[in-house]
Amino acid sequence: MKAAVINEFNAPWQLTDVADVRPGPGQVLIRVRASGMCGTDLHVHHGAFPLRTPLVAGHEPTGDIVELGAGVTDLKVGDRVGVFWNQKGCGRCAVCQKGMPARCAEASTWMNLGGGNSELMLAWSSGCQLLPDGVSYEEAAPIFCAGYTVMSGLRNATPKPGERVAVLGVGGLGHLAVQLSKAVGLETLAITGQENKRAELKSFGADEVVIAGDDIGKRLQALGGVDVILSTTNAANQISSAFEGLRPGGRLVSMGVANAPITINSFSLLANQRELRGSTQDERSDLAEALALLAQGKIKPKIETYPLAQINTVRERLDAGKVRYRAVLLHAS
Ligand SMILES: [Zn+2]
Ligand SMILES: [Zn+2]
């Protein structure tokens, strides 16, 4: 099978033939149809994760199950599935025993079995989610990291009807956060520093596009403040600033890897009973909810598609900040 192999960090990925794989007990073999490229893949490329080469990245894969390993009874050959990051906890640690396998320190991921930038990939059956009828492989792919992440972020912010949400950082994750927040009926603001993005952010359903300079908090307060901030930015100073734009009792959910420690004014935290929390892909129901909204046409990932052969070009585009808003690699059928 062909796979985009990372043999060395900070070097082009090698599209090469590798040995076919067979599913072990509890695993399935998937013929990959599409695979999204996430910002995290750039961190992998740059060697920011403690990983050993060679490895195959790609954690937004969708495709068809072509073979079942021993003991897999819930999935069938021919099922259309996607695979999410934490596919299976160890099952034995205190976190797994509490029913939180996604938080298990020993969780099995694409790093263990290989990612989706490959013709065929292995996955644990527990890491596969059925695609709803009618959704395409390429539009479903970004839901498996970007969409899942922001849906969990939104749910972890526990928004109440009538509350106001602001999305900070409107890229691959953020453009879906705007759409998901609107899709569940919340007033939604999109924050950007660029006036020329206004029309596009409106097209994602934002009720208001907030053009903010350095003082995001002040700008939000001038508009009456917000109850929830869904932050996908990597800029720690923006997170700190935006936090000041929360109404009393407001929650900021950070889903980006911040480039520095996040500084929060202690008085503003306690006097306003604000919350700062982190969130990644959480409850499986969050993924199901995002996929259902996709199937209902209530959200639509804005994607650029490329053949797998162009994976290095895509990675460079993403690294240069040129992708609008998610790049998805299409695999030959
Ligand atoms: Zn990702
Ligand atoms: Zn565990």
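Predicted model: local features only at pLDDT ≥ 70, side-chain atom pairs only at ≥ 80, totals over all residues.
## The zinc sites

For comparison, the ideal angle for four tetrahedral donors is 109.5 degrees. C93 has a relative accessible area of 24% and is partly exposed, whereas C96, with a relative accessible area of 11%, is buried. The limit for a buried residue is under 20% relative accessible area.

The zinc ion (ligand 1) is coordinated by C38 (SG), H59 (NE2) and C145 (SG), at 2.0 to 2.2 Å. The spacing of these donor residues in sequence is C-x20-H-x85-C. Two of them, H59 and C145, link distant parts of the chain, being 86 residues apart. H59 belongs to the loop between strand 4 (55-56) and strand 5 (61-68), while C145 belongs to the loop between helix 4 (137-140) and helix 5. H59 counts as buried at 2% relative accessibility, and C145 likewise counts as buried at 7%.

## Helix 5

Helix 5 comprises residues 146-156. Of its 11 residues, 10 are buried, and the helix is therefore largely enclosed by the rest of the structure. The buried residues are A146, G147, Y148, T149, V150, M151, S152, G153, L154 and N156.

Among the helices, it includes helix 6 (174-183) and helix 11 (284-295). Among the strands, it includes strand 12 (226-231), strand 13 (246-254), strand 14 (275-278) and strand 16 (326-330). Helix 5 is followed by T158, which has a positive phi near 40°.

## Salt bridges

Side chains of opposite charge can pair when their charged atoms come close. The model contains 14 salt bridges in total.

| E163 | R251 | 2.6 Å |

In the salt bridge of E163 with R251, E163 lies in the loop between helix 5 and strand 9 (164-168) and R251 lies in strand 13, so the pair ties together parts that are 88 residues apart in sequence. Both E163 and R251 are buried. Strand 13, which carries R251, is also among the elements that cover the buried residues of helix 5.

R198 counts as partly exposed at 33% relative accessibility, and E195 is partly exposed with a relative accessible area of 48%.

E304 is buried, with a relative accessible area of 14%, while R317 counts as partly exposed at 26% relative accessibility.

## Surface features

F267, L269 and L270 make a nonpolar surface patch of about 330 Å². F267 is located in helix 10 (residues 266-271). This residue is exposed, with a relative accessible area of 61%.

S126 is found in the loop between strand 7 (120-124) and strand 8 (128-130). With a relative accessible area of 34%, S126 is partly exposed. Leaving aside neighbours within four places in sequence, S126 is in contact with F84, Q87, K88 and R284. The C-alpha atom of S126 is separated by 14 Å from that of R80, and the two residues are 46 residues apart along the chain.

Conventions:
Residues numbered from 1 in each chain as written. Chains lettered and ligands numbered in written order. Heavy atoms only, no water. Buried < 20%, exposed > 50% of the residue type's maximum accessible area, 1.4 Å probe, protein only. Helix = DSSP H or I, 4+ residues; strand = E, 2+ residues; numbered from the N terminus. Contact = heavy atoms within 4.5 Å. Donors = N, O, S within 2.8 Å, 3.2 Å for Na, K, Ca; no water. Patch = residues over 30% accessible without salt bridge, like charges linked within 9 Å, V, L, I, M, F, W, Y side chains within 5 Å. Areas by Shrake-Rupley, 256 points an atom, 1.4 Å probe, with all protein chains shown as cover. Salt bridge = Lys/Arg side-chain N within 4 Å of Asp/Glu carboxyl O.
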